[in-house]
Amino acid sequence: EPALPVFSQAEVSKHGSLEAGVWVTFRGGVYDITEFVAMHPGGDKILLAAGGALEPFWALYAVHSQDHVLDILSEYKVGEL
Ligand code: HEM
């Protein structure tokens, strides 16, 4: 598979709203989750992570520590940090 592009944190930070697109990072990957926001079981809380890292939020909400959650996230990968 072709390599995904590398993005800076500054570029990721520009994608912090539904208008600009919602990007997040997780373990060195960059994800465009704009389309997933409306499907999130935890509702709009997901927007707290917009433009930044998921790790601090997922440390608080352990419901995400499941393979099926990582499977969902992997569908939205657009690059590397
Ligand atoms: C629940 C995915 C980000 C808060 C869930 C569930 C999934 C999911 C699949 C249901 C898990 C289950 O019950 O088995 C995601 C993905 C995220 C994300 C893919 C990022 C791309 C966040 C963030 C927060 C959050 C950043 C908080 C700031 C919650 C809460 C629930 C939840 C509170 C429990 C909802 C309930 O059962 O009432 N999330 N989540 N999520 N999420 Fe997220």
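Here are some questions and answers about this predicted model.

User: Before we start, how are residues numbered, and what pLDDT do local features need?

Analyst: Residues are counted from 1 along each chain, as its sequence is written. The model is predicted, so totals for chains, interfaces and linings use all residues, side-chain atom pairs count only at pLDDT 80 or more, and local features need pLDDT of at least 70.

User: How many bridges join β2 to β3?

Analyst: Strands here are DSSP runs of E with at least two residues, helices are runs of H or I with at least four, and both are numbered from the N terminus. Two strands pair if DSSP finds at least two bridges between them. Strand β2 covers residues 21–26 and β3 covers 29–32, and they run antiparallel. Thr25 stands opposite Val30 in β3, and the number of bridges joining the two strands is 4.

User: And which residue in β2 is the bridge partner of Ser17?

Analyst: Strand β1 (residues 16–17) runs antiparallel to β2, with 2 bridges joining them. The two strands make a hairpin with 3 residues between them. In β2, the partner of Ser17 is Gly21.

User: Is Gly42 buried or exposed?

Analyst: Gly42 is in the loop between β3 and α2 (55–60). With C-beta atoms placed from the backbone, a residue is buried if 20 or more others lie within 10 Å of its own, partly exposed in between, and exposed if 12 or fewer do. Gly42 has 11 other C-beta atoms within 10 Å, so this residue is exposed.

User: Which helix gives the most to the shell around the ligand?

Analyst: There are 19 residues around the ligand, and Gly42 is among those that come nearest, as are Pro41 and Lys45. (A residue is near a molecule or strand if its C-beta atom, placed from the backbone, lies within 6 Å.) By class, the shell has 14 nonpolar, 4 polar and 1 charged residues (nonpolar: Ala, Val, Leu, Ile, Met, Phe, Trp, Tyr, Cys and Pro; charged: Asp, Glu, Lys and Arg; polar: the others, Gly among them). With 3 residues, the one that gives the most is helix α3 (residues 67–74).
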